[in-house]
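Please look through the sequence and the structure shown below before reading on.

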Amino acid sequence: MLQCTAFTELPEMAARVAFMGLEDGIDLATDVPELDEFLLCELGEHEEGVEHAAQLWSASPAAGRDLWMFWTEGDGRRKFRFVELLPCPAVIHRLSVKEGDVCVLYDRHPAAHSWDVTDPLADLMTEQIREEVRRDREGDGGGSGGEGVRGGRP
């Protein structure tokens, strides 16, 4: 399933207020991460009417809760809310029974778990980086670029 492509501008002041209200407490001077200007929905493609969601803060494992921003857009207006939620408890075991991938979304999220959501742009960028590294290791990372250009002309 493809990742939802919805994005929104982060209401920074509202986010900072949400950080101050976290159950576990937070030191605004040292603990708050640098916030991005825009947030991309982290859910898989979903139906219209389902809120978009982006994680703002991942608490310590002891706290067990993460801060999420949810938003909807309609009638030319954006509505947002901040909620502290438990992480999704789902784990997928592929080749090992002892180790697995955890879902990085929130508990009872709609649609697919995070391991089933693909981001084609991120996949393309990863493939391009791998190709550049391969070329650099093999020594054909650009060269002089002028060989064979003349084609036998005097």
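Is D75 buried or exposed? D75 counts as exposed, because its relative accessible area is 81% and exposed means over 50%. The model discussed here is a predicted one, and the points below are grouped by topic.

**Confidence and overall layout**

- The protein chain has an average pLDDT of 79, and 77% of the residues reach a score of at least 70.
- Over residues 143–154 the pLDDT stays under 50, and for this stretch the model has 0 contacts beyond four places in sequence.
- The protein chain contains 2 helices and 7 strands, which follow the pattern β-α-β-β-β-β-β-β-α when read along the sequence.
- Of the 154 residues in the protein chain, 28% count as buried, while the accessible surface comes to about 11100 Å², with 51% of it belonging to carbon and sulfur atoms.
- Among the contacts between residues at least 6 apart in sequence, 47% join residues that are at least 24 apart.

**Two loop residues with positive phi**

- D75, which is found in the loop between β4 (66–74) and β5 (77–85), has a phi near 55°, a positive value in a residue other than glycine.
- R108 is not a glycine either, yet its phi is positive at about 65°, and its place is in the loop between β7 (101–102) and α2 (120–138).
- R108 counts as exposed, because its relative accessibility is 74% and the cut-off for exposed is over 50%.

**The nonpolar core**

- In soluble globular proteins, nonpolar side chains tend to be buried together.
- The largest nonpolar core in this model has 28 residues, and those with the most contacts inside it are L10, F19, L56, L67, M69 and F82.
- Two or more residues of this core are given by each of the elements α1 (12–20), β3 (52–58), β4 and β5, and the largest share, 5 residues, comes from β4.
- When neighbours within four places in sequence are left aside, F82 is in contact with P11, A14, A15, A18, L56, L67, W68 and M69.

**Aromatic rings**

- A search of the whole structure finds 5 aromatic pairs, and one of them is the edge-to-face pair of F70 and Y106, with 5.1 Å from centre to centre and 75° between the planes.
- This pair links distant parts of the chain, since F70 is in strand β4 and Y106 is in the loop between β7 and α2, 36 residues apart.
- Both partners count as buried, because F70 has a relative accessible area of 4% and Y106 has a relative accessibility of 6%, where buried means under 20%.
- The rings of F80 and F82 have centres 5.8 Å apart and planes at 70°, so this pair is edge-to-face as well.
- F80 counts as partly exposed, at 34% relative accessibility.
- Ring pairs also link W68, F70 and Y106 into a cluster, and R81 lies over the face of F70, at 4.6 Å from the ring centre.

**The surroundings of V91**

- V91 is in strand β6 (residues 91–92), and with a relative accessible area of 40% it counts as partly exposed.
- Not counting residues up to four places away in sequence, V91 touches G100, D101, V102 and W115.
- V91 and C103 are 12 residues apart in sequence, and their C-alpha atoms are 6.2 Å apart in space.

How values were computed:
Residues numbered from 1 in each chain as written. Predicted model: local features only at pLDDT ≥ 70, side-chain atom pairs only at ≥ 80, totals over all residues. Heavy atoms only, no water. Helix = DSSP H or I, 4+ residues; strand = E, 2+ residues; numbered from the N terminus. Buried < 20%, exposed > 50% of the residue type's maximum accessible area, 1.4 Å probe, protein only. pLDDT = per-residue confidence, 0-100. Contact = heavy atoms within 4.5 Å. Core = buried A, V, L, I, M, F, W, Y, C linked by side-chain atoms within 4.5 Å. Areas by Shrake-Rupley, 256 points an atom, 1.4 Å probe, with all protein chains shown as cover. Phe/Tyr/Trp six-rings, centres within 6.5 Å; stacked < 30°, edge-to-face > 60°. Lys NZ or Arg CZ within 6 Å of the ring centre and 35° of its normal.
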